[in-house]
Amino acid sequence: MFIPLHDANQLRHIKRQYVTLGIIALNVFAWLATSLGGADFAQATVIGLGYIPSVAYDIAYLPPELELVPAPLTYVTYAFLHADLLHLGGNMLFLWVFGDNIEDALGHVRFLIFYLACAIAGAAFHGMVVPESQSPLIGASGAVAGIVAAYLVLHPRVKLWVLAFARIPLRVPAWTALALWILYQFAMFGLDHENQVSWAAHIGGVLAGAVLVVILRRKNVPLLDKRIQTPKAAKLENEIAPQDVEPHAPRPWGR
């Protein structure tokens with residue numbers, strides 16, 4: 001639907017989005033490692049680290065040589081693997097544009113918890129929808145969907161530069177683009193049952209992100225771009241209230 005390019009939203013609580021940058025670096029490293037390791041290595045990595053619902057639900061079992069991590073860990077490891085450069089680039093672009101402001105609102109540690117929890121929620125909902133699937137789920141889409149939902153909850157009025165339909169540059173309020181993106185995920189979940197995209201993982205991430213950002217955000221971070229008035233500001237307003245200001249002397253008519 002759209003490609004995010006830039007948001008006019010400065011950081012307020014942190015100097016640098018270290019966790020966001022670290023996650024992007026780890027995703028790029030994982031893609032390079034699997035890509036340069038050859039087709040067999042890439043396939044083994046996807047099977048061993050991807051989230052496979054039937055394995056998670058003990059319906060099917062992997063050969064011992066492909067059990068790279070315990071099955072519960074694949075609820076997280078799958079989110080750091082990508083099928084190709086386009087898959088990786090799309091997710092990392094969303095993470096780059098929106099992740100820094102969510103990290104700013106939550107703090108470094110809580111943002112990492114938030115990101116991993118959204119990834120887990122994406123895999124969990126995908127598994128609930130297709131519990132017998134033997135196809136590995138990979139990609140950061142579930143976690144990124146959580147970030148999109150969190151951004152909508154915190155900053156719906158911020159202006160975004162986007163490429164609509166990958167061609168038309170537009171400057172729009174965040175709620176316009178992000179709300180449409182989220183509605184599109186739900187629509188495709190109900191309509192598209194043949195595509196290889198896991199819309200269920202996106203929805204799981206969206207639901208988790210919308211809830212967790214309210215719980216994990218800093219106390220002084222408002223929702224929906226509302227302004228929080230500090231006690232100092234309120235005191236200053238009271239000191240210059242209209243009733244406390246002496247009226248000006250009336251000016252005579254005429255010249």
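In what order do the elements of the protein chain run from the N terminus on? They run β-α-α-α-α-α-α-α-β-β-α-α-α.

This is a predicted model, in which local features need pLDDT of at least 70, side-chain atom pairs count only at pLDDT 80 or more, and totals for chains, interfaces and linings use all residues. Residues are numbered from 1 along each chain as its sequence is written, and side-chain values use heavy atoms, with hydrogens and water left out.

**View 1. The whole protein chain.** The chain holds 10 helices and 3 strands. Helices (H or I, at least four residues) and strands (E, at least two) are DSSP runs, numbered from the N terminus. Of the 255 residues, 42% are buried. Buried means under 20% relative accessible area, with a 1.4 Å probe and protein chains only. Among contacts with a separation of 6 or more, 78% join residues 24 or more positions apart. A contact means heavy atoms within 4.5 Å.

**View 2. Helix α6 and its cover.** Helix α6 covers residues 108–129, 22 residues in total. Buried residues of α6 include F111, F114, Y115 and C118. Their cover includes α1 (18–36), α5 (85–106) and α9 (199–216).

**View 3. The packing of α1 on α6.** The two helices, α1 and α6, pack at about 40 degrees, with axes 9 Å apart. Axes are lines fitted to C-alpha atoms over the stretch in contact, and angles run from 0 to 180 degrees between N-to-C directions. The pair α1 and α6 is therefore oblique: not under 35 degrees (roughly parallel), over 145 (roughly antiparallel) or 65 to 115 (roughly perpendicular). Y18, V19, T20, I23 and N27 of α1 meet H108, F111, L112 and Y115 of α6.

**View 4. The Y51–Y75 aromatic pair.** The structure holds 9 aromatic pairs. Rings of Phe, Tyr and Trp (its six-membered ring) pair if their centres lie within 6.5 Å; planes under 30 degrees apart are stacked, over 60 edge-to-face, the rest tilted. Y51 and Y75 are tilted, 4.6 Å centre to centre with 50 degrees between the planes. Y51 lies in the loop between α2 (39–49) and α3, and Y75 in helix α4, so the pair ties together parts 24 residues apart in sequence. Y51 is buried, at 0% relative accessible area.

View 5. Ring centres of F94 and F98 are 6.0 Å apart and their planes at 55 degrees, so the pair is tilted. Both residues are buried. F94, F98, Y151 and W181 form one aromatic cluster.

Notes
Expected span 1.5 Å × (residues − 1). Buried < 20%, exposed > 50% of the residue type's maximum accessible area, 1.4 Å probe, protein only.
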